[in-house]
Amino acid sequence: MMRDDDPVLVLSNAPDTLLAKRIAHVLVEDGLAACVNLGVPALSVYRWQGEIEGAEEIPLTIKTTWARQQDVVRALARLHPYEVPEIIVVPVVGGLASYLDWIREQTRPTGAQ
């Protein structure tokens, strides 16, 4: 069972760099994510509505906490143009304690102790 302050990664993507930057900015500005890494464009190959599709996308790696991950999921769904965007939450099982604490501090709701 995860605790509210346990760090998690949210994996997603964006169809272009401009939208990826906008998503990253909104998530960090709203305190939903401590950091968002934008990867280099990559080709995604997938089946959509019975057809094999391919699209260049910008990978997003979002650092947040278990308590904030549902807010991140909702924000991504709202900001993303895809009908079914990739949004996957992955638990963090370890890491540098000071970095994990920084994630917790950056995503702590205003007024929370």
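Helices (H or I, at least four residues) and strands (E, at least two) are DSSP runs, numbered from the N terminus. The views below show a predicted model, in which local features need pLDDT of at least 70 and side-chain atom pairs count only at pLDDT 80 or more, while totals for chains, interfaces and linings use all residues. Residues are numbered from 1 along each chain as its sequence is written, and side-chain values use heavy atoms, with hydrogens and water left out.

**View 1. Salt bridge between Asp-101 and Arg-104 in helix H3.** The closest N and O atoms of Asp-101 and Arg-104 are 2.8 Å apart; a salt bridge is a side-chain nitrogen of Lys or Arg within 4 Å of a carboxyl oxygen of Asp or Glu. The two residues are three apart in helix H3, so about one helical turn separates them. Asp-101 is partly exposed at 37% relative accessibility, whereas Arg-104 is buried at 16% (buried means under 20% relative accessible area, exposed over 50%, partly exposed in between, with a 1.4 Å probe and protein chains only). Through shared partners, salt bridges join Arg-3, Asp-5, Asp-6, Asp-101 and Arg-104 into one network. Within it, Arg-3 pairs with Asp-5, with closest N and O atoms 3.1 Å apart. Asp-5 is partly exposed, at 33% relative accessible area.

**View 2. Salt bridge between Arg-74 and Asp-71 in helix H2.** The closest N and O atoms of this pair are 2.6 Å apart. Both residues belong to helix H2 (residues 66-79), three residues apart, about one turn of the helix. Asp-71 has a relative accessible area of 26% and is partly exposed. The whole structure holds five salt bridges.

**View 3. The aromatic pair of Tyr-99 and Trp-102.** One aromatic pair is found, under the rule that rings of Phe, Tyr and Trp (its six-membered ring) pair if their centres lie within 6.5 Å, with planes under 30 degrees apart counted as stacked, over 60 as edge-to-face and the rest as tilted. The ring centres of Tyr-99 and Trp-102 are 5.4 Å apart and the planes stand at 35°, so the pair is tilted. Both residues lie in helix H3 (residues 97-107), three residues apart, and are separated by about one helical turn. Tyr-99 is partly exposed at 33% relative accessible area, and Trp-102 is partly exposed at 30%.

**View 4. Glu-57, a buried residue without a salt bridge.** Glu-57 lies in strand S4 (residues 51-65). The nearest side chain of opposite charge, Arg-47, is 16 Å away (Lys and Arg count as positive and Asp and Glu as negative; His and the chain ends are not counted). The side chains of Glu-57 and Ser-44 make a polar contact of 2.5 Å, a polar contact being a pair of N or O atoms within 3.5 Å; within protein, one must be able to donate a hydrogen and the other to accept it, and residues adjacent in sequence count only if both atoms are side-chain atoms. Beyond its neighbours within four places in sequence, Glu-57 has contacts (heavy atoms within 4.5 Å) with residues including Asn-13, Val-40 and Tyr-82.

**View 5. Thr-65 in strand S4.** Thr-65 is buried, with 4% relative accessible area. Leaving aside neighbours within four places in sequence, Thr-65 is in contact with several residues, among them Asp-5, Asp-6, Ile-103 and Arg-104.
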